[in-house]
Amino acid sequence: MNAVRRLGMGLAALGRPAYINVGRSQALPPERGVEDLRKATWEVLDAAYAAGVRWVDAARSYGSSEDFLGGWLAERGHQDVTVSSKWGYTYVGRWRLDADVHEVKEHSLERFREQYLESRRFLGEALSVYQVHSLTEDSPLFGDRALQAALGDAAADGLRLGFSTSGPRQAETVRRALALEVGGRRLFSTVQSTWNVLEPSVGAALREAHDQGVHVLVKEAMANGRLAVRPPRALRQVADRHGTGPDAVALASVLSRPWADTVLIGAVSTAQLHSNLAAVNLVLDEDDLETLDPLALPPARYWQERAALPWA
């Protein structure tokens, strides 16, 4: 497959005024009103589509991301874009940078039903993959048979179901979630997890999922911008060796994994997007990958550092 077709656009950093991506603030418009970010989102989506990207990922908690995406699809008339979104978090930031809380998590039957209707209102029939947002091993979903049955009904109606993961025990969550069945059929057909050179611990579980026919999406390939803005020395060495940016190397490291079906990028400007797209022409050899391997952190440390990133 053409490498660019393995890329997808993630809207976590474009759909709301505040997020935890490092290097985001300088690339956004000076004003971050709804219409300012709608315009920025459309510009990035236009550039991504022109480059060949055909997957876009949103979520109910990404502010107005579904509204922005649905409007863009309707205006442009594109019929060949795979649209995924997520339920389980609610955006409560009220479009404020200084909100005490930006999103609230709830994996319940009521929340699924409520947010599914909202997602359909914004995205219509374009919504093809609906994911549980940030599933962890302690999620009540695992013991909620009514919720599982409702998800199974949605799948029976043709909706592809998936889940995203976070936290230091992603691998355990992936394996447990993919074992769930409703009516004798696997409940989830996609999985979206954080994998990057700092946090590769879920890799084996994602490879197993891919081998089982599950579509694997990788998020946070640049560790929320840290690998692009504050690249470790080894990453910078590989980038210099190839005459490219550290962001391209970080993305290329994910693309080098054959189990990564779709690699999400979180660019917030066309300049960031074009810099990221250099990854599709970058082939890392064994020496490059061996140089990057020692960058892996203990998962608990990685997620602790991620949790400390400020919303800005």
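Arg-94 is exposed, because its relative accessible area is 74%, where exposed means over 50%, buried under 20% and partly exposed in between, with a 1.4 Å probe and protein chains only. Arg-94 is found in the loop between strand 4 (89–91) and strand 5 (103–105), and although it is not a glycine, it has a positive phi of about 55°. Helices and strands here are DSSP runs numbered from the N terminus, a helix (H or I) having at least four residues and a strand (E) at least two.

The model is predicted, so that local features need pLDDT of at least 70 and side-chain atom pairs count only at pLDDT 80 or more, whereas totals for chains, interfaces and linings use all residues. Residues are numbered from 1 along each chain as its sequence is written, and side-chain values use heavy atoms, with hydrogens and water left out.

Glu-220 is also not a glycine and has a positive phi of about 55°. Its place is in the loop between strand 11 (215–219) and helix 7, and with a relative accessible area of 14%, Glu-220 is buried.

## The largest pocket

A pocket is found on a 1 Å grid over the protein atoms alone, as an open set of points where a 1.4 Å probe fits, with protein on both sides within 12 Å along at least five of seven lines, and its lining residues have an atom within 4 Å of a point. The elements that give two or more residues to this lining are strand 6 (127–135), helix 7 (226–229), helix 9 (246–255), strand 12 (262–265), helix 10 (270–276) and helix 12 (299–307).

The volume of the largest pocket is about 990 Å³, a volume being the space filled by probe spheres set on the grid points, which are joined across faces, edges and corners. Its lining divides into 22 nonpolar, 15 polar and 8 charged residues, where Ala, Val, Leu, Ile, Met, Phe, Trp, Tyr, Cys and Pro count as nonpolar, Asp, Glu, Lys and Arg as charged, and the others, Gly among them, as polar.

## The second largest pocket

The second largest pocket holds about 270 Å³ of space and is lined by 13 residues, of which Ala-155, Ala-156, Arg-185, Arg-186 and Leu-187 lie nearest its centre. Two or more lining residues come from each of helix 4 (145–156), strand 7 (160–165) and strand 9 (185–186), and helix 4 gives the most, with 3 residues. By class, this lining has 7 nonpolar, 3 polar and 3 charged residues.

## Aromatic rings

The count of aromatic pairs comes to 10, where rings of Phe, Tyr and Trp (its six-membered ring) pair if their centres lie within 6.5 Å, and planes under 30 degrees apart count as stacked, over 60 as edge-to-face and the rest as tilted. Tyr-19 and Trp-311 have ring centres 5.6 Å apart and planes at 80°, so they form an edge-to-face pair. Because Tyr-19 lies in the loop between strand 1 (7–10) and helix 1 (34–51) and Trp-311 in the segment after helix 12, the pair ties together parts that are 292 residues apart in sequence. Tyr-19 is buried, with a relative accessible area of 10%, whereas Trp-311 counts as partly exposed at 28% relative accessibility.

Phe-112 and Tyr-116 are a stacked pair, because their ring centres are 5.7 Å apart and their planes are at 5°. They are 4 residues apart in helix 3 (residues 109–123) and so are separated by about one helical turn. Trp-87, Phe-112, Tyr-116 and Tyr-130 form one aromatic cluster.

## The buried face of helix 12

Which residues are buried in helix 12? They are Tyr-302, Trp-303 and Arg-306, and seen down the axis of the helix they fall within an arc of 90°, so they line one face of helix 12; the arc is that of the directions from the helix axis to the C-beta atoms. The face of helix 12 turned away from this buried side carries the exposed residues Ala-300, Gln-304 and Ala-307.
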